[in-house]
Amino acid sequence: MKQLFYLPFWFIKARLLGIRRPLQTVLFISDKCNLACRHCNVYRTQNPHIKTYEEIAQELEYSFRLGSRFVDLEGGEPTLWRDGEHDLNSLIRLAKSIGFYSVTITTNAFLPFAGSEADSIWVSLDGLGAYHDDIRGKGVFERLVQNIEDARHPCLNVNMVINSRNFPSVAETVQFAADNPHIRSISLNFHNPYPGAEALELEQNTREEVIDLIIRMKRNGYPIMNSVSGLKLMKHSRFKKHCWITNFILSDGRRLPQCPGKENCICDRCGLSMSGEMNSIFNLRPDTVWAGLKVRM
């Protein structure tokens, strides 16, 4: 019930009064990881930042005061996080006690995550079989499939980041998500060309062709989370960004009022489909509003 009241009032204040308060938080609790993915610019192999329970509590309280009501715990690999007697479920309970409506975790699913108390789980799936392993390491896909099955979480979604190596696998990956009874939906994004990983960026004409394919599959009933309106915007990045809707807290403690892509000057090549969804929300595209409600409610 709180969400039913909070969301429309948040939108009215943002859209009509120009009041910019974040709705969601992406909180990196560590940059320690158990994989070394081709595209990643986050993980650290030596001396990783691992936040304490108390530090995370302070950052959750800070984000809640800003206005955020949804939080995504990320890494590194968040399932590795420990601080004494506290584990990832401890952080989920902490966030809910502070007042967050929903807590999400994003995992590479290399380790088992059955028993997670998260409201929703995002599993990174970068293609089917060999395509996923090419990005994340040999044997990772097989473990991901098994851990998804074992978890049996009621709200588990997968996220594919499309790049120059895995784009031929988009259709079969969407089909896999549709056929897997343990997966609720799939979100599709594009590689962000952070320094050092520019080679994985899709060529513009290929990106447009892939988006046309995704739109066709969406219209044919596949469980694609992206809205058609948002996908159309992602054919280019020449639209107004509303990335202040999400505040980011990095593993080194930096607090950013928007996506880290801005400080890397890649907004005009943004691959995060959420940017298109945010724009469509603010323009009251019915399909995007409906997609957003399904995610948040």
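Arg-93 is partly exposed, with a relative accessibility of 45% (buried means under 20% relative accessible area, exposed over 50%, partly exposed in between, with a 1.4 Å probe and protein chains only). The structure is a predicted model, in which local features need pLDDT of at least 70 and side-chain atom pairs count only at pLDDT 80 or more, whereas totals for chains, interfaces and linings use all residues. Residues are numbered from 1 along each chain as its sequence is written, and side-chain values use heavy atoms, with hydrogens and water left out.

The side chain of Arg-93 forms a salt bridge with that of Glu-117 at 2.8 Å, N to O (a salt bridge is a side-chain nitrogen of Lys or Arg within 4 Å of a carboxyl oxygen of Asp or Glu). Because Arg-93 belongs to helix H3 (residues 88-98) and Glu-117 to the loop between strand E3 (102-107) and strand E4 (120-124), this pair ties together parts that are 24 residues apart in sequence (helices, H or I with at least four residues, and strands, E with at least two, are DSSP runs numbered from the N terminus). Glu-117 is also partly exposed, at 36%.

In total, nine salt bridges are counted. One of them joins the side chains of Arg-165 and Asp-134 at 2.7 Å, N to O. Arg-165 lies in the loop between E5 and helix H6 (170-179) and Asp-134 in helix H4 (residues 130-136), so the pair connects parts that are 31 residues apart in sequence. Arg-165 is partly exposed at 37% relative accessibility, as is Asp-134 at 27%.

Another side-chain pair involves Ser-185, a residue of strand E6 (residues 185-190) that is buried at 9% relative accessibility. Its side chain makes a polar contact of 2.7 Å with the side chain of Asn-157 (a pair of N or O atoms within 3.5 Å; within protein, one must be able to donate a hydrogen and the other to accept it, and residues adjacent in sequence count only if both atoms are side-chain atoms).

Backbone geometry was also examined. Most residues other than glycine have a negative phi. Arg-152, however, has a positive phi of about 50°; Arg-152 is located in the loop between helix H5 (140-151) and strand E5 (156-162) and is exposed at 57%.
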